Amino acid sequence: MKKVLPLLIFLSSLIIHGQKTPINGSIQDKLGKVINAHIINKNTKEGTFSNENGIFIINATLGDELEITSIQHHTQKVTVANIIIKTKKININLHLKDYVLDEVEIKKTNLYGFLERDFKQTPEDVAVVKSKGALDFSKINFEEKVILPEDEIDKSKVDISKKTDPTQKFEGISLLKFSLFTRKKEKRLAQKIAREKLEDQLTKNIVNLIGKHAFTKHYKIPSDKIYHFINFNRSSELINLVKNKEVFKLIEFLKEKSIIYLKEINKNP
């Protein structure tokens, strides 16, 4: 019996270590709750975002590394410990980034408290002094005639009336039209490739944005039907939500569509 007990403890620890557990977390900083922070499990590559209350849910196992990022905060990494697995809770405090202003040099000036005297003590701005001189036209005699030297272009006898070949003129226009047509065609092709690439990766991007557990736990979609569910609801609205990373609107969209989807598959099993 004494030999069996340590073996049972060892086997139970292995089971706990390999089992995924949904962790309920909250994120805050010294100002309050942190919204739209990105939480990703570096081991499983699953990710999610904190909601308007700084709350999130993510699957993890013992020893997994969670990375928390936010635009206004320093990135933080947390290793999932036994206490987190047992309580299924985690509280994360992020630190705000410090923004340092450029150095400003302030020169000391001795002032006397009298405006007229202090004004004389204040050093003048060089740019202001030079600009005043540039606008001074008092020394210019506008009645004096100005005779410029003969231009070198006037000396040269260039026949500017030389006629050009009309065919060359139209050839240039044709080349210009062909160039513009080619650029438009290349632009449309690039847009088509980008659109097709986004659509091909649509399912993967959605799962990464809201987490695989959201489909099975919140939408009641079987794990083997997740990809079929996303393709079933593929539309321009869904693509735009993923493209613009509007996570909360995407969650509401999929929630509404899951009700319709479950009715359909239950009707036609």
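Let me start with helix 11: at 1.5 Å a residue, its 21 residues should span 30 Å, and its end C-alpha atoms are 30 Å apart, so the two agree. The expected span here is 1.5 Å times one less than the number of residues. Helices are DSSP runs of H or I with at least four residues, strands are runs of E with at least two, and both are numbered from the N terminus.

On the source: this is a predicted model, where local features need pLDDT of at least 70, side-chain atom pairs count only at pLDDT 80 or more, and totals for chains, interfaces and linings use all residues. Residues are numbered from 1 along each chain as its sequence is written, and side-chain values use heavy atoms, with hydrogens and water left out.

Which residues of helix 11 are buried? They are Val247, Leu250, Phe253, Leu254, Ser258, Tyr261 and Leu262. Buried means under 20% relative accessible area, exposed over 50%, and partly exposed in between, with a 1.4 Å probe and protein chains only. These buried residues pack against strand 4 (47–49), helix 7 (202–210), helix 8 (212–218), helix 9 (226–232) and helix 10.

I take helix 10 next. Helix 10 (residues 236–243) and helix 11 (residues 247–267) pack at about 150°, with axes 9 Å apart. Axes are lines fitted to C-alpha atoms, for helices over the stretch in contact, and angles run from 0 to 180 degrees between N-to-C directions. That makes helix 10 roughly antiparallel to helix 11; the classes are roughly parallel under 35 degrees, roughly antiparallel over 145, roughly perpendicular from 65 to 115, and oblique for the rest. Helix 10 contributes Glu237, Leu238, Leu241 and Val242 to the contact, and helix 11 contributes Lys249, Leu250, Phe253 and Leu254, where contact means heavy atoms within 4.5 Å.

Now helix 7. Its axis comes within 11 Å of that of helix 11, and the two cross at roughly 110°. Helix 7 and helix 11 are therefore roughly perpendicular to each other. The contact is formed by Ile206, Leu209 and Ile210 of helix 7 with Val247, Leu250, Ile251 and Leu254 of helix 11.

Asn233 sits in the loop between helix 9 and helix 10, and at 9% relative accessibility it counts as buried. Leaving aside neighbours within four places in sequence, Asn233 is in contact with Leu238, Phe253 and Lys257. His228 is in helix 9 and is partly exposed, with a relative accessible area of 45%.
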